[in-house]
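Please keep the sequence and the coordinates at hand while reading.

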Amino acid sequence: MKIESAETVVTSPGRNFVTLRITTTDGVTGLGDATLNGRELAVDSYLRDHVAPLLVGRDAGRVEDTWQYLYRGAYWRRGPVTMAALAAVDMALWDIKAKAAGMPLYQLLGGASRTGALAYGHASGRDVPELFDSVRAHLEAGYRAIRIQTGIPGLDSVYGVAASTAGGGQRYDYEPARPTALPVEEAWDTRAYLRHVPTVFEAVRSEFGPELPLLHDGHHRMTPIQAAKLGKALEPYDLFWLEDATPGEDQAALRLIRQHTTTPLAIGEVFNSAHDYTLLLQDRLIDYVRSAVTHTGGITAMKKLLDMAGHYGAKSGIHGPTDISPVGMAAALHLDIAIHNFGIQEYMRHTPETLEVFRTSYTFADGLLHPSDTPGLGVELDTEAAARFPYRAAYLPVNRLTDGTVHDW
Ligand code: KDG
Ligand code: MG
């Protein structure tokens, strides 16, 4: 079975997605997610101009060989654009292989290790009463683990906080990438954040009790010592994890945080290679690996990374916001079901428009996700629906401290 064509589909059903579709000479199609939020067209071009011409005529069954050919053969390794493109090829080839075998992909990854993958949703509120409504809406929708983000007194808009509780507060209607000519600029004050967040967790634990797993995303904004302080302050509230406390490229920062707190640490959504984790795993500085299948070279690379994490007692927490397409989400779910060291899966529901373009078969019930037993990844792309939603340039926000200094967003 040879690759006959490899084409990209860029569509924007409310937000942008880049999808690679590979078709074989036997007429089997495979899909891969190549969405890099705010920089989508760079990956589209990388795939169209530099990868698709190399794929046509190759044996579609040689997944590992194609991965190595594109990774080593480019000479220029790693990086978010390259690794998202490689991820899309890898997902599409696994989709084809599993469809040809007549099996859901997780069977080819070793079969099921569990009946469902625990998912967490994003509750948020501009203040605590609004946050409580959002937590309740998530519980009613079946979530059994919840991320908590709130507004900070004195700041107008804060990462992860929905502008309203429309949709019952379940859906993450806070969509960070906005279709403006220039990125929206937000104001940030870490000291105000550090004063406020422990009071929010105190309120949530008093209202919802000790059992509910609670998560929080620091979104790269603290210095190591600030993160250590927050981790310590949150210990009484027994977090499932504190995510991205410091910017990911400063790996030694995690050592400092670790020396001061037993709050579990998660990092990796902006990483794109297993090599980014070597120090963090070997020195046991993190508890959860946050890479997206879409941004870290696909299923082949993620399986190796998560197996390596398992050797060091770390678990998976695969990135799954709405800028990961349903194809990338399905790829994550097959891994979640198959690997031994599964931790939790981030799951934000996609909009009805997105689900019109991407026909999914995965299910969510009683807090657990399942990829379904449909052969392959279990997602189909409706190209006519995709064509109704043309690409719109959109940027992630830029953060500035209150004195105007550019800060991590
Ligand atoms: O595109 C940026 C988002 O993927 C990111 O802000 C989401 O931090 C995020 C998360 O944990 O889902
Ligand atoms: Mg995050």
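In which loop is D244 found? In this predicted model, D244 belongs to the loop between β8 (241–243) and α8 (252–260).

**Surroundings of ligand 1**

- The space that ligand 1 takes up is the largest pocket, and 15 residues surround ligand 1, with N37, Y159, H219, E269 and E346 being the closest.
- Sorted by class, the shell around ligand 1 is made up of seven charged, four polar and four nonpolar residues.

**Polar contacts of ligand 1**

- E269 places a polar side-chain atom 2.7 Å from an oxygen atom of ligand 1, and E269 is also listed among the closest residues around ligand 1.
- For D217, the distance between a polar side-chain atom and an oxygen atom of ligand 1 is 3.0 Å.
- In the side chain of E243, an N or O atom lies 3.0 Å from an oxygen atom of ligand 1.
- Ligand 1 taken alone would expose 330 Å², and 94% of that is buried by the protein.

**The loop residue N16**

- N16 is placed in the loop between β1 (3–11) and β2 (17–24), and N16 counts as buried because its relative accessibility is 3%, where buried means under 20%.
- The side chain of N16 is joined to the side chain of S12 by a polar contact of 2.9 Å.
- A polar atom of the N16 side chain also lies 2.6 Å from the backbone oxygen of R392.

**Residues with positive phi**

- D244, in the loop between β8 (241–243) and α8 (252–260), has a phi near 40°, which is a positive value in a residue other than glycine.
- Is D244 buried or exposed? With a relative accessible area of 1%, D244 falls under the 20% cut-off and is therefore buried.
- Y75 has a phi near 70°, likewise a positive value in a residue other than glycine, and Y75 is placed in the loop between α2 (63–73) and α3 (80–101).
- Why does Y75 count as exposed? The relative accessible area of Y75 is 61%, and exposed means over 50%, so Y75 is assigned to that class.

How values were computed:
Residues numbered from 1 in each chain as written. Chains lettered and ligands numbered in written order. Predicted model: local features only at pLDDT ≥ 70, side-chain atom pairs only at ≥ 80, totals over all residues. Heavy atoms only, no water. Near = heavy atom within 4 Å. Polar contact = N/O pair within 3.5 Å; in protein donor to acceptor, adjacent residues only side chain to side chain. Areas by Shrake-Rupley, 256 points an atom, 1.4 Å probe, with all protein chains shown as cover. 1 Å grid on protein atoms, 1.4 Å probe; cavity = no way out; pocket = protein on both sides within 12 Å on 5 of 7 lines; lining within 4 Å. Sits in = over half its atoms within 2 Å of the grid points. Nonpolar A, V, L, I, M, F, W, Y, C, P; charged D, E, K, R; others polar. Helix = DSSP H or I, 4+ residues; strand = E, 2+ residues; numbered from the N terminus. Buried < 20%, exposed > 50% of the residue type's maximum accessible area, 1.4 Å probe, protein only.
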